[in-house]
Amino acid sequence: MPDEEKSEESQLKIPDVLPVLALRDIVVFPFMIVPLFVSRDRSIKAVDQSLSENRLILLVSQKEMEQEEPVAKDLYQMGTVAIIMRMLKLPDGRIRILAQGLSRAKVESFDEESKPYLQAKISVVSEPLLENLPVEMTALVRNVRASLEKAVSLGKNISPEVMVLMANLEDPGRLADLVASNLDLKSPDAQGVLDLVDPAARLKKIHELLARELELLTVQQEINTQARGEIDKSQREFYLRQQLKAIQQELGESSELSEEIQQLRDKVAKSKMPKEVTEECERQLKKLERMHPDSAETATIRNYLDWMVALPWAVSTKDNLDLRRAKQILDEDHTGLDKIKERILEYLAVRKIKGETKGPILCFVGPPGVGKTSLGKSIARALERKFVRLSLGGVHDEAEIRGHRRTYVGAMPGRIMQGIHQAGSNNPVFMMDEVDKIGADYRGDPSSALLEVLDPEQNSTFRDNYLGVSFDLSKVMFITTANLLDPIQPAFRDRMEVIELSGYTEEEKLAIARKHLIPKQLSEHGLKDRHVQFTDAGIRAIIAQYTREAGLRNLEREIGSVCRKVARKIAEGKRGGLRLTPDNIHEYLGAPKVLPEEMSKKDQVGVATGLAWTPTGGEIMFIESTAMRGKGGLMLTGKLGDVMKESAQAALSYARSHAKDLGIDEGFFQDRDIHIHVPEGAIPKDGPSAGITMATAMVSLFTGRPVKKGVAMTGEITLSGNVLPIGGLKEKVLAARRAKIKQVIIPHLNRKDLDEIPKSVRASMKITPVEEVKQVLDIALGPNSSRPASAKKPRRS
C-alpha cells in the first residue's frame with residue numbers, strides 16, 4: 001500500500017496555486033485519511049473549486065480556534081496538500097468530505113481578494129529519501145514502535161490496522177507522521193511536528209511526545225486502579241452491611257444509628273418547631289438513615305440535627321411585670337441613669353397592658369466605665385429573663401453573625417444563634433457590646449448583616465446560613481453599647497433607639513463608691529469595715545486627684561489599690577484600722593496623678609476659659625491670645641483641627657468687622673500679627689464649640705479688658721455674631737463644676753439640654769444662655785469702656 005500511495009503522488013502534478021481550507025482544531029499529515037465537516041461559506045466555495053478542477057486542496061490549521069473568518073495572518077505557513085476522495089452534502093447546508101494528505105507544502109503567499117475563497121501560492125516540500133538508515137536512526141525507529149505498543153497496552157485507543165501498518169514502516173518520516181496523527185496531540189504540538197521537514201528531527205520530536213504520553217498514561221492507570229479498589233471496597237462493605245441489617249432484623253436487634261435517629265425524631269416532635277423547620281429536620285433524618293454511620297457527611301448531619309433540636313424554638317421565660325420590683329432592682333444596681341430606667345419601666349408597662357409586644361432595640365452610648373454592660377444585666381434581672389452578652393469589637397467576618405454554610409469543614413451557626421442556644425430561651429436580653437468597633441473587609445460587613453437582626457420588621461424570620469431555616473428573634477430584647485455614635489453605619493444606627501449615658505457627677509461617684517465599689521473591693525480582698533474606713537473627703541480626694549474619667553473604672557482600681565495595701569499590713573500582723581482622709585491618701589496611692597482643673601486665679605487679658613468634650617468626659621481649656629508687630633496675619637498653635645482653625649478665623653473676622661462697635665482702634669490690625677494658642681499642644685483638638693471662647697480672648701486682647709476668671713463658655717460663632725448650639729453640654733458643665741467655675745455661658749438653643757444636668761449642679765453655678773456674641777462679651781468682659789487700652793500704638797525702639 002505505501003508503494004501504491006507513492007506512485008499515486010508521483011502521478012499527480014501539484015499546481016503552484018491551490019484553494020485553501022482553514023482547519024479549526026486539527027492538523028492533517030501526509031498520507032492521513034480524515035473526514036472533515038465544512039460549514040463556512042468561503043471554505044465551501046474552496047471545496048467546490050477543488051472538485052471542479054483537480055480535486056486538490058491545501059489544508060492549513062488556524063492559530064486561534066475561535067477565529068470565525070480567518071485571514072492570512074491567522075493561518076500557519078506550513079500545510080498539507082490533500083486530495084478530496086469523497087464529498088457529501090448535508091441537509092443543514094454543511095458538506096462532509098473525506099480527504100487524504102499527499103505532501104507537505106509551504107505557503108509563499110495568500111490571495112484573499114481575487115476569488116470568493118482563500119487561495120495560496122505554494123511550494124511543495126519534498127522529503128529526503130533515506131535508503132540506508134544509520135544505526136542511531138534504526139534504534140530510534142524501534143524505540144518509537146516499542147513506545148507505541150506500550151501506550152496501547154496502557155489503554156491508548158489505537159486501531160489494530162494502524163499498529164500493523166506501523167510495524168511494516170521503515171521510513172522514519174512516514175512513521176513519525178503516522179504516530180503523530182494517532183496521538184491526539186494539541187494543535188500547536190501537531191503543527192510543530194508538521195513544520196519539521198527533516199525526518200530524523202521529526203522522529204526525535206515524536207519520541208519525546210510519546211515519552212510524555214506514556215508518563216500520563218501510567219499515572220492515569222494508577223488512579224483508575226486505586227479508584228476501582230475503593231469502589232470494590234465500598235460495594236463489599238455495602239453488601240456486608242445489608243447482610244448485617246438483615247441478621248439484626250431477624251434477631252430483633254436495632255443498630256446504634258437507628259436508635260440515635262429515633263431519639264432525634266422524638267426530640268424534633270417535642271421541640272414544637274415550626275412546620276418548615278420540622279419538614280427540614282425530617283428530610284435530614286431520612287437522608288441520615290440511608291448513609292453509612294462512619295462517613296464524614298453523617299457526622300455533619302448529626303451535628304446539624306443536634307443544633308436544631310437544642311435550640312429553644314418554643315421555650316420562653318415569663319416576664320415579671322411588677323413595676324415597683326423592677327424599679328427597686330434598677331435602683332439597687334445603679335445610681336442615676338434615670339432616663340434608661342424610665343424607658344425600661346415604660347416597656348414593662350406596655351407589656352402589662354397589651355401582652356405580647358416586639359422587643360425594644362436599645363443602644364447605650366457613653367464613655368467607658370459608666371455601666372452600660374452592667375445595666376444590661378440589671379435589666380435582665382428586673383425582667384427575670386436570661387442574659388446573653390456578645391462582644392463585637394474587632395469582628396470582621398460576616399459569617400460570625402450569619403454563620404457558615406454547612407458545605408464548609410467545621411461549619412457552625414453564627415454568634416447570634418449560639419447566644420440563643422446558650423440562653424436556652426427565645427426571649428433573652430441580648431447585649432451586643434462595642435458595636436462602634438465592628439470592622440469590615442473582603443469577608444463581608446458584619447454591620448450590614450446585623451441590619452436584619454436589629455430590624456423589628458425582619459428579625460421574626462432571621463435565617464442563619466448554617467441552619468438554613470428561619471428563627472423568630474422578635475421576642476428578644478436587643479441592647480447594644482458603643483462609646484461613640486459616629487463610627488456606626490447610618491442604616492445600622494437607624495435601627496436602634498439611642499440612649500446616651502454621660503459621665504457621673506462627683507456626688508454620684510461618691511454615692512456609687514459608698515454603695516457598690518467599696519463593699520465589692522472589701523469583699524474581694526477579704527477585709528471588713530473595721531479594717532479600713534473611707535471618709536467622704538478621702539473618696540473625693542481619690543476622685544479629684546487620682547482619676548480623670550467619666551466612668552468609674554479607675555476609681556474602682558484606686559480603691560482596690562488601697563485595699564491591697566491594707567490587706568498587706570494586716571497579713572504582716574499590724575493591728576488597728578485605717579481611716580482614709582485627704583491628708584494620708586498619698587501614703588497609699590502616691591503622688592496625685594491628675595492635676596486638678598481649676599479656673600484662673602485672676603482676671604487676665606487675652607485669656608478665656610472654654611469647655612471641651614472628650615470620650616472620657618468634659619474638660620476645661622484655656623485659649624490664649626497675644627499680638628506682636630507684623631503684617632496682620634493669624635497664627636494658630638496647639639495641634640488644632642481644621643474646624644477649630646476655621647472657628648478662630650471666623651472669630652477674628654467678626655472682631656475686625658465690628659471693630660468700631662467693640663471699641664477697637666481701626667489701625668490695630670494693620671501692623672500686628674495675632675497668635676492664638678491652646679495649651680496641652682500634644683493633644684489633638686477640634687470642633688466648632690470654641691468659637692465664642694476664641695472671640696472673647698481676641699476682643700479682650702484688642703480692647704485691653706481682662707476676662708473674668710470665674711466665667712467659662714461654649715458655643716459656635718458665625719460671622720454675623722450669632723451663637724449656635726453645641727453637643728455634650730452635660731459633660732462640659734460637669735467639667736466646669738469640677739474646676740469651680742461660677743458662671744457658664746451656653747447657646748440659647750441648648751436650654752433644652754439643661755434638664756439632663758442634675759439639679760445640684762445647676763444650683764451650684766449660674767448658667768446663662770445667650771444668642772449673640774455681644775451678650776457673651778458683656779458678661780465675660782463687663783461693660784464697654786470709652787477708650788481701649790490696646791488702641792495705643794506700641795512704642796518703637
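This is a predicted model: local features need pLDDT of at least 70, side-chain atom pairs count only at pLDDT 80 or more; totals for chains, interfaces and linings use all residues.
Trainee: How many helices and strands are in the protein chain?

Mentor: The protein chain has 27 helices and 24 strands.

Trainee: What radius of gyration does the protein chain have?

Mentor: 46 Å. A compact globule of 797 residues would come out near 28 Å. The C-alpha atoms fill a box of roughly 130 × 100 × 60 Å along the principal axes.

Trainee: And what share of the residues counts as buried?

Mentor: 47% of the 797 residues.

Trainee: What about contacts between residues at least 6 apart in sequence: how many join residues at least 24 apart?

Mentor: 74% of them do.

Trainee: Switching to sheets. Which strands make up the open sheet, and in what order?

Mentor: Five strands, ordered S8-S9-S12-S7-S13. Their pairing is parallel. S8 and S13 (497-500) are the edge strands, each pairing on one side only. From one strand to the next, the twist averages 20°.

Trainee: How many bridges join S7 to S13?

Mentor: Four, between S7 (residues 361-365) and S13, and the two run parallel. Phe 364 stands opposite Ile 499 in S13.

Trainee: Which strands does H13 lie across?

Mentor: H13 lies across S7, S8, S9 (429-433) and S12 (477-482). The angle between H13 and S9 is about 175°. Helix H15 (residues 415-423) lies across S8 and S9, at about 155° to S8.

Trainee: Where do side chains point in a regular strand?

Mentor: In a regular strand they alternate between the two faces of the sheet.

Trainee: Now S6. In what sense does S6 pair with S1?

Mentor: Antiparallel, over three bridges. S1 covers residues 17-23 and S6 covers residues 119-124. Pro 19 stands opposite Gln 119 in S6.

Trainee: And how many bridges link S5 and S6?

Mentor: Six, again in the antiparallel sense. Asp 111 has Gln 119 in S6 as its bridge partner. So Gln 119 turns up on both sides of the story: opposite Pro 19, and as the bridge partner of Asp 111.

Trainee: Salt bridges next. How many does the structure hold?

Mentor: 33. One of them joins the side chains of Arg 104 and Asp 177, at 2.9 Å, N to O. The pair links distant parts of the chain, with Arg 104 in S5 (residues 95-111) and Asp 177 in helix H5 (residues 172-181). They sit 73 residues apart.

Trainee: Is Arg 104 buried or exposed?

Mentor: Arg 104 is buried, because its relative accessibility is 1% and the cut-off for buried is under 20%. Asp 177 counts as buried too, at 3%.

Trainee: Which residue joins Arg 104 and Asp 177 in a network?

Mentor: Arg 202. Salt bridges with shared partners tie Arg 104, Asp 177 and Arg 202 into one network.

Trainee: Which residue does Arg 385 meet in a salt bridge?

Mentor: Asp 319, at 2.8 Å, N to O. This pair also links distant parts of the chain, 66 residues apart. Arg 385 is in the loop between H13 (372-383) and S8 (387-391). Asp 319 is in the loop between H10 (296-310) and H11 (323-333).

Trainee: Are those two buried or exposed?

Mentor: Arg 385 is buried, with a relative accessible area of 8%. Asp 319 counts as buried at 10%.

Trainee: Where do Asp 778 and Lys 774 lie?

Mentor: Both are in helix H27 (residues 773-781). They are four residues apart, about one turn of the helix. Asp 778 is partly exposed, with a relative accessible area of 39%.

Trainee: Last topic. Where is the place of Val 723?

Mentor: In strand S22 (residues 723-724). Val 723 is buried, with a relative accessible area of 6%.

Trainee: Which residues is Val 723 in contact with, leaving aside neighbours within four places in sequence?

Mentor: Among them are Ile 692, Gly 715, Pro 747, Val 770 and Val 776. Glu 772 is another one of its contacts. The C-alpha atoms of Val 723 and Glu 772 are separated by 5.3 Å. Along the chain, those two are 49 residues apart.

Conventions: Residues are numbered from 1 along each chain as its sequence is written. Side-chain values use heavy atoms; hydrogens and water are left out. A salt bridge is a side-chain nitrogen of Lys or Arg within 4 Å of a carboxyl oxygen of Asp or Glu. Buried means under 20% relative accessible area, exposed over 50%, partly exposed in between (1.4 Å probe, protein chains only). Axes are lines fitted to C-alpha atoms, for helices over the stretch in contact, and angles run from 0 to 180 degrees between N-to-C directions. Contact means heavy atoms within 4.5 Å. The radius of gyration is taken over C-alpha atoms; the globule rule is 2.2 Å times the number of residues to the power 0.38.
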